[in-house]
Amino acid sequence: MHFQGGSAASLNMNLYATKKTAAEGMLDIALFLANITHMKTVIEQGAGYRYYAAVLTLISFSLALQIVAGVLIIIIARRDINVEANQKRLDSLNNITTVIIFLISVTNFFISVMGMERTGLFPRMHF
């Protein structure tokens, strides 16, 4: 298997990690913007919406977690993984970021489930 610039044996791990982290950051930004849009929609629907407080709370929690994940992603991207002194800390930060992203995913699952009633995706189901 060949990669840009050489063989698999000469893979620049720092370049790989930086690109992976940048991709995570872009996905985090996309989800952040989607949650902002969803929050705006819920606020426009008003307090008469069945899950108004719950959805706003979950979206706010998700946005806060996304900000924390974004900061961690920036910190991880700025460090060189090839420097042995950085490797243990970067591994810990990467694990923390993974847990936060998992929590964001679970939170957004519940946001989506609570939002289905108003979108009409499951009109006969009662939540």
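In which helix is F102 found? I looked it up: F102 is found in helix 3.

**Ground rules.** I noted that this is a predicted model, in which local features need pLDDT of at least 70 and side-chain atom pairs count only at pLDDT 80 or more, while totals for chains, interfaces and linings use all residues. Residues are numbered from 1 along each chain as its sequence is written, and side-chain values use heavy atoms, with hydrogens and water left out.

**Overall layout.** I found three helices and two strands in the chain; both kinds are DSSP runs numbered from the N terminus, helices being H or I of at least four residues and strands being E of at least two. From the N terminus on, the order is β-β-α-α-α. Of the 127 residues, 26% are buried (buried means under 20% relative accessible area, exposed over 50%, partly exposed in between, with a 1.4 Å probe and protein chains only). The chain exposes about 8700 Å², and carbon and sulfur atoms supply 67% of that area (Shrake-Rupley method, 1.4 Å probe; for residues, only the protein chains shown count as cover).

F102 belongs to a nonpolar surface patch of about 570 Å², made together with V99, L103, V106, F109 and F110. Patches are made of residues with over 30% relative accessible area and no salt bridge; like charges are joined within 9 Å, and nonpolar side chains (Val, Leu, Ile, Met, Phe, Trp, Tyr) within 5 Å.

I then checked T107, which lies in helix 3, residues 84-119. Is T107 buried or exposed? T107 is buried, since its relative accessible area is 6%. Not counting residues up to four places away in sequence, T107 touches L58, F61, S62 and L65 (contact means heavy atoms within 4.5 Å).

**Record.** I read in an unreviewed UniProt entry that residues 49-76 and 96-116 are listed as "transmembrane region"; positions follow the numbering used here, feature names are shortened, and annotations may be inferred rather than shown by experiment. In the model, residues 49-76 are 89% helix and 0% strand, with the end C-alpha atoms 40 Å apart.

**Salt bridge.** I found one salt bridge in the structure (a side-chain nitrogen of Lys or Arg within 4 Å of a carboxyl oxygen of Asp or Glu). K40 pairs with E44, and the closest N and O atoms are 3.9 Å apart. Both residues lie in helix 1 (residues 13-45), four residues apart, about one turn of the helix. K40 is exposed at 53%, and E44 is exposed at 59%.
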